[in-house]
Amino acid sequence: MTKLHAVRGEGATETAPVAADRIVEGAPVATTRLDYERDGKTYAGEWSAGVGAWRVAYEEFEFCHMLEGACELVPDDAAPQRYAAGDSFVIEPGFKGVWRVLVPMKKRFFMRYD
């Protein structure tokens with residue numbers, strides 16, 4: 001088994017609307033391209049979504065690097081933070097709030113569930 005894995009957004013693709021019970025505004029559709037999966041707990045790939053906003057509650061760690069567009073993460077207990085193409089950020093388990101896509105976006109991600 002190789003110990004080196006490219007993440008280019010070329011993996012298996014899944015497109016679906018954000019779950020209706022999480023929507024805050026709009027009708028966003030998200031696409032995930034999974035390039036790497038290990039042990040059912042570790043994932044890497046690309047994710048994109050259209051304009052809209054929805055509730056999130058993280059149980060995992062996620063590293064994100066924005067490739068296109070812009071988003072705003074609005075924690076339940078802190079000020080909103082905006083990210084655009086070229087920005088990177090980490091979301092920790094326990095983050096709860098709203099994910100708002102301001103301009104259709106694409107990011108590369110790596111996530112790990114404990």
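Start with the largest nonpolar core of this predicted model, which has 21 residues. Select Trp-47, Trp-54, Leu-73, Phe-89 and Trp-99, the residues with the most contacts inside this core. In general, nonpolar side chains tend to be buried together in soluble globular proteins. Now colour the strands: β4 (42-49), β5, β6, β8 and β9 are the elements that give two or more residues to the core. Which element gives the most to this core? It is β9, with 5 residues.

**Stop 1: the aromatic cluster**

Trp-47, Trp-54, Tyr-83, Phe-89 and Trp-99 form one aromatic cluster. Zoom in on Phe-89 and Trp-99, which form a tilted aromatic pair, 6.2 Å centre to centre, with 50 degrees between the planes. Phe-89 comes from strand β8 and Trp-99 from strand β9, 10 residues apart.

Next, pick Lys-107 together with Trp-47. Lys-107 lies over the face of Trp-47, at 4.8 Å from the ring centre.

Then show everything around Trp-54. Leaving out residues up to four places away in sequence, Trp-54 touches Val-18, Arg-22, Ile-23, Val-24, Pro-28, Trp-47, Ala-49, Gly-97, Val-98, Trp-99 and Val-101.

**Stop 2: another aromatic pair**

How many aromatic pairs does a search of the whole structure find? The search finds 6. For one of them, select Tyr-58 and Phe-95: the ring centres are 6.2 Å apart and the planes stand at 75 degrees, which makes the pair edge-to-face because planes over 60 degrees apart count as such. This pair links distant parts of the chain, 37 residues apart. Tyr-58 sits in the loop between β5 (52-57) and β6 (60-75), while Phe-95 sits in the loop between β8 (88-91) and β9 (96-113). Both Tyr-58 and Phe-95 are buried.

**Stop 3: Ala-53 and Arg-100**

Go to Ala-53 in strand β5 and Arg-100 in strand β9. Their C-alpha atoms are separated by 4.1 Å, although the two residues are 47 apart along the chain. Ala-53 has a relative accessible area of 0% and is therefore buried. Beyond its neighbours within four places in sequence, Ala-53 is in contact with Arg-22, Ile-23, Val-24, Glu-25, Pro-28, Val-98, Trp-99 and Arg-100.

A polar contact of 3.1 Å joins it to the side chain of Glu-25. With the residues up to four places away in sequence set aside, Arg-100 also touches Gly-52, Ala-53, Cys-71, Glu-72 and Val-74.

**Stop 4: strand partners**

Glu-72 leads on to the next selection, as it stands opposite Arg-82 in β7. Display β6 and β7 (residues 81-84): the two strands run antiparallel and 4 bridges join them. They form a hairpin with 5 residues between them.

Finish at strand β1 (residues 12-17). How many of its 6 residues are buried? The count is 0, and β1 is hardly covered. Its partner is strand β3 (residues 29-38), antiparallel to β1 and joined to it by 6 bridges.

Conventions. Residues numbered from 1 in each chain as written. Predicted model: local features only at pLDDT ≥ 70, side-chain atom pairs only at ≥ 80, totals over all residues. Heavy atoms only, no water. Phe/Tyr/Trp six-rings, centres within 6.5 Å; stacked < 30°, edge-to-face > 60°. Buried < 20%, exposed > 50% of the residue type's maximum accessible area, 1.4 Å probe, protein only. Lys NZ or Arg CZ within 6 Å of the ring centre and 35° of its normal. Core = buried A, V, L, I, M, F, W, Y, C linked by side-chain atoms within 4.5 Å. Contact = heavy atoms within 4.5 Å. Pairing = 2+ DSSP bridges. Polar contact = N/O pair within 3.5 Å; in protein donor to acceptor, adjacent residues only side chain to side chain.
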